[in-house]
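Subject: Structure for you to look at

Hello,

I am handing over the structure we talked about, and my notes on it follow below. Please keep the structure open while you read, so that you can find each place as it comes up.

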Amino acid sequence: MGADGATVRSDGTSVFPRLLDLEYPNIERGEGVWLHTADGRQILDACSGGAMVTCLGYGASEVIAAAAEQAERISYMYNHHFSNEPQERLADRLIEAVAPEMGRVRFVSGGSEANETALRLARSYHVERGQPDRWRVISPAQAYHGSTMATLALSGRRALQEPHTPYLAGHAHLPPATWRFDPSGKAALDELDRVLEEVGPETVAAFFCEPVSGAALPAYSPPERFWRGLDERREEHGFLICFDEVVTGMGRTGSWLAAHQLPIEPDVVTLGKGLGAGYAPIGAVLCREHVYEAIDEGSREFDLGHTWDGAPLPCAVGLAVLDVLVERGLVQRVRERGPGLRAELEAAVSGAEMVREVRGRGFLLGVELVDPRDGESFLPHELDAATLVEQAAMDLGLLVTSSHSTPDGYAGDEILLAPAYVSTDEELAEMVERFAATIVEVGRTVRAALAGPAPAGRGR
Ligand SMILES: Cc1ncc(COP(=O)(O)O)c(C=O)c1O
């Protein structure tokens, strides 16, 4: 702890922190979209707990009551031995309200577990159907699918994977179809064809991706041409398409699933974050009926489990979250308010020479920073401009999340905003205003640090 308990440093705690040089503000409580620190500061949360989780804000009384009630009745049992009413009802409700195109649901405790399970399901699907050679996964390089070894291997970000590469399967990755590399999506499709040809399509189990990216490339989605081409290749080659909707699911992009805005239907979808909304750790894997049938008509076992899968307490929380989303029409609010929010954010930073692009889908927004000297190169890695923005925002009482992927070569400094769906118009306006002030301040710092000639090349 710091002397007054307001912050925590690695040399004053028994906790093993993520970043040993960071002094962490100590959070005491939350109310709506406001965080209160131990030393009495108020921080406006523009990123749903920092990890795009708390879509209902803090203190959602219906969810808290449902959790308490369930905990009194029974909070835990192992789903190897029993099923339970919250699990059964939540699975029904997810298929009814969120993803009618899906057939079955398996519950887990979070996003990494959901993606790991989806991967095993894709593999099992092919093995059950007599195609044991199918194991490879193809995925966009600039992605994040989780922290387990199998999910880490699904991203093509070498900087993130180091030093664990000896443990990671060598899957193939495509550069993102962004303005920088491939605005039309053609290069990504050509690369997909090349990879399929190289490895042999009969060895490919799945294409795995975020339909709209979260932290790795906030609010980015490939052009429509890519999705249509991917669909054709699935048809031709028989691999599955798995959508990681850990961030985008449960309404974040203005529809229950981001998939509902794209011209393609996945075979498997994963959920996390917004499903528990920060009141319980819960994730889910949803699959279409034909995927389930492969197991149903095969070994009749998909015996992969984690201790908390489908337990009554997290499922009761998921049910309560879903009820609140439906009863308050929050997904519709995100759909209707999202485009305006993006426009307001864009207008507020329009004078900033280091902002190249403001992207947005619903309440998932991304701001791409570039070198102000030419308006397109990545900012120098050493500057770590995204982190400067995150820190300056915090000083101005605003929580945003940064991603600084420059060493991976596919994206540079990006800032992510993902407000709670319950944020009022006044709170959204305040977030935009504080963010614009942050960008002005960091813009000055960046300009001063860069006083020198323009960089030689762009991108990787
Ligand atoms: C798109 C995406 N998938 C998966 C995960 C992993 O989820 P978790 O941290 O709950 O394991 C994350 C986490 O940020 C994510 O953003």
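Please bear in mind that this is a predicted model. I began with helix H10, residues 330–348, which packs with helix H12, residues 425–450, at an angle of about 30°, the two axes being 10 Å apart. Because angles under 35 degrees count as roughly parallel, H10 is described as roughly parallel to H12, and the crossing of these two helices is right-handed. On the H10 side the contact is made by Arg-333, Arg-337, Leu-341, Glu-344, Leu-345 and Ala-348, while H12 contributes Asp-425, Leu-428, Val-432, Phe-435 and Ala-436. Sorted by class, this contact of H10 with H12 has seven nonpolar and four charged residues, with no polar ones.

A second pair is helix H6, residues 186–199, and helix H7, residues 224–237, which pack at an angle of about 20° with their axes 9 Å apart. This makes H6 roughly parallel to H7, and H6 passes H7 in a right-handed crossing. The residues in contact include Leu-189 and Leu-192 of H6, and Phe-226 and Leu-230 of H7; by class, the contact has six nonpolar, two polar and four charged residues.

Finally, there is the ligand, and the residues around it include Gly-110, Ser-112, His-145, Glu-210 and Lys-273. A side-chain N or O atom of Asp-244 lies 2.7 Å from a nitrogen atom of the ligand, whereas Gly-111 places a backbone N or O atom 2.9 Å from a ligand oxygen atom. For Tyr-144, a backbone N or O atom is 3.4 Å from a nitrogen atom of the ligand.

Best wishes

Methods:
Residues numbered from 1 in each chain as written. Predicted model: local features only at pLDDT ≥ 70, side-chain atom pairs only at ≥ 80, totals over all residues. Heavy atoms only, no water. Axes fitted to C-alpha atoms, helices over the stretch in contact; angles between N-to-C directions. Helix = DSSP H or I, 4+ residues; strand = E, 2+ residues; numbered from the N terminus. Parallel < 35°, antiparallel > 145°, perpendicular 65-115°, else oblique. Left-handed = near helix turned anticlockwise from the far one by under 90°. Contact = heavy atoms within 4.5 Å. Nonpolar A, V, L, I, M, F, W, Y, C, P; charged D, E, K, R; others polar. Near = heavy atom within 4 Å. Polar contact = N/O pair within 3.5 Å; in protein donor to acceptor, adjacent residues only side chain to side chain.
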